[in-house]
Amino acid sequence: MIIKLPIVTKKEFNEETQELIVEKGTLDVEIDTSFKAHLKWEEQGFGQALGGIDLRTYTERVQAILDSKNPGKLELLSLLKLLYCYINSTKLPTFKDFLGLFDIEIAEEVLEKIRVVLEQVGKSATKN
């Protein structure tokens, strides 16, 4: 399944108007619920940094965050880690560069896409 991930394509401060101008775009990505997502989780070292948890456990934690409340800015990084593991694209940069594609101005749009991805992950898990 291909989704259009909202991204920030350009940020520029206009000296004359004293305003920050944010240009938005999209990046086509494929939702990947295969073992490649788990491998990506391990390769990035996310689980090790979080005390050795696996992607499935982390997915359950993130789902609980999304179900219980509207995530704040601090939780957005956690959500982006999860999103990064469950998507694929030939244009997908490193995780560090991936983070640079987002900004708080598009946080709600990104959260909606994360919900879509988790819905697909849930459907995949119930099949197995």
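Modeller: Axes are lines fitted to C-alpha atoms, for helices over the stretch in contact, with angles from 0 to 180 degrees between N-to-C directions. This is a predicted model, in which local features need pLDDT of at least 70 and side-chain atom pairs pLDDT 80 or more, while totals for chains, interfaces and linings use all residues. Residues are numbered from 1 along each chain as its sequence is written, and side-chain values use heavy atoms, without hydrogens and water.

Colleague: How are helix 1 and helix 3 oriented: roughly parallel or roughly perpendicular?

Modeller: Helices are DSSP runs (H or I, at least four residues), and strands likewise (E, at least two), numbered from the N terminus. The axes of helix 1 (residues 35-44) and helix 3 (residues 55-68) come within 10 Å and cross at roughly 90°. Angles under 35 degrees count as roughly parallel, over 145 as roughly antiparallel, 65 to 115 as roughly perpendicular and the rest as oblique. Helix 1 is therefore, relative to helix 3, roughly perpendicular.

Colleague: Which residue forms a salt bridge with D28?

Modeller: A salt bridge requires a side-chain nitrogen of Lys or Arg within 4 Å of a carboxyl oxygen of Asp or Glu. D28 lies in strand 2 (residues 19-31), and its partner, 24 residues apart, in strand 1 (residues 2-14). With the closest N and O atoms 3.0 Å apart, the partner is K4.

Colleague: Is K123 buried or partly exposed?

Modeller: K123 forms a salt bridge with E119, at 3.6 Å between the closest N and O atoms. Buried means under 20% relative accessible area, exposed over 50%, partly exposed in between (1.4 Å probe, protein chains only). At 42% relative accessibility, K123 is therefore partly exposed.
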